[in-house]
Amino acid sequence: MIMIIGGAYQGKLAYAKETFPDVRWTDGEQCEKEAIFQYKGIFHFHKYIERLLSEGEDISELAKQLKEKNPDLILVTDEIGYGIVPMDPFLREVRETTGRICTELAKDAKSVIRVVCGIPTVIKAQVK
């Protein structure tokens, strides 16, 4: 798995599409729930999590399922753990759940790349 992270509107998706031009992408904000296991790339992963939580889905095993069913996924997500903690309990849950899932995925990812102002920085590279 490759994770591409960064703040909103920092050029993550443009970087991902330029770096991986042959990847078939799906949008986590509106894709079918199972698409995340079928596509090579997903963007708006944080919105995918928010959508599932809003629908009452149990996503406690999502990281494990992704690692098993789609280990070569290229995942693009906003870092939403910075800034002011939302007062709304649901938005806090989204923020915390997204952070936990991304932390679990990053642990086993081949690489994690942070994009800021369109500039990629490798923060994890798996060396074999």
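Which residues are linked in a network of salt bridges? They are Lys67, Glu104, Lys107 and Asp108, where a salt bridge means a side-chain nitrogen of Lys or Arg within 4 Å of a carboxyl oxygen of Asp or Glu.

Before I go on, let me say what we are looking at. This is a predicted model, in which local features need pLDDT of at least 70 and side-chain atom pairs count only at pLDDT 80 or more, while totals for chains, interfaces and linings use all residues. Residues are numbered from 1 along each chain as its sequence is written, and side-chain values use heavy atoms, with hydrogens and water left out.

Six strands form an open sheet with mixed pairing, in the order 2-3-4-1-5-6; strands here are DSSP E runs of at least two residues, helices are H or I runs of at least four, and both are numbered from the N terminus. Two strands pair if DSSP finds at least two bridges between them. Strand 2 and strand 6 (119–125) are the edge strands, each pairing on one side only. From one strand to the next, the twist averages 20°, with axes being lines fitted to C-alpha atoms, for helices over the stretch in contact, and angles running from 0 to 180 degrees between N-to-C directions. Strand 2 pairs with strand 3 in the parallel sense over three bridges, and Thr26 has Ile42, in strand 3, as its bridge partner.

Now back to the salt bridges, of which the structure holds nine. One of them joins Asp78 and Lys12, with the closest N and O atoms 2.8 Å apart. This pair links distant parts of the chain, since Asp78 is in strand 4 (residues 74–78) and Lys12 is in helix 1 (residues 12–19), 66 residues apart. Are these two residues, Asp78 and Lys12, buried or exposed? Both are buried, which is to say under 20% relative accessible area, whereas exposed is over 50% and partly exposed is in between (1.4 Å probe, protein chains only).

Another salt bridge brings together the side chains of Glu55 and Lys33, at 2.9 Å from N to O. Glu55 lies in the loop between helix 2 (45–54) and helix 3 (62–69), and Lys33 in the loop between strand 2 (25–27) and strand 3 (41–43), so the pair ties together parts that are 22 residues apart in sequence. Glu55 counts as partly exposed because its relative accessible area is 42%, and Lys33 is partly exposed because its relative accessibility is 31%.

Finally, Glu79 forms a salt bridge with Arg114, and their closest N and O atoms are 2.8 Å apart.
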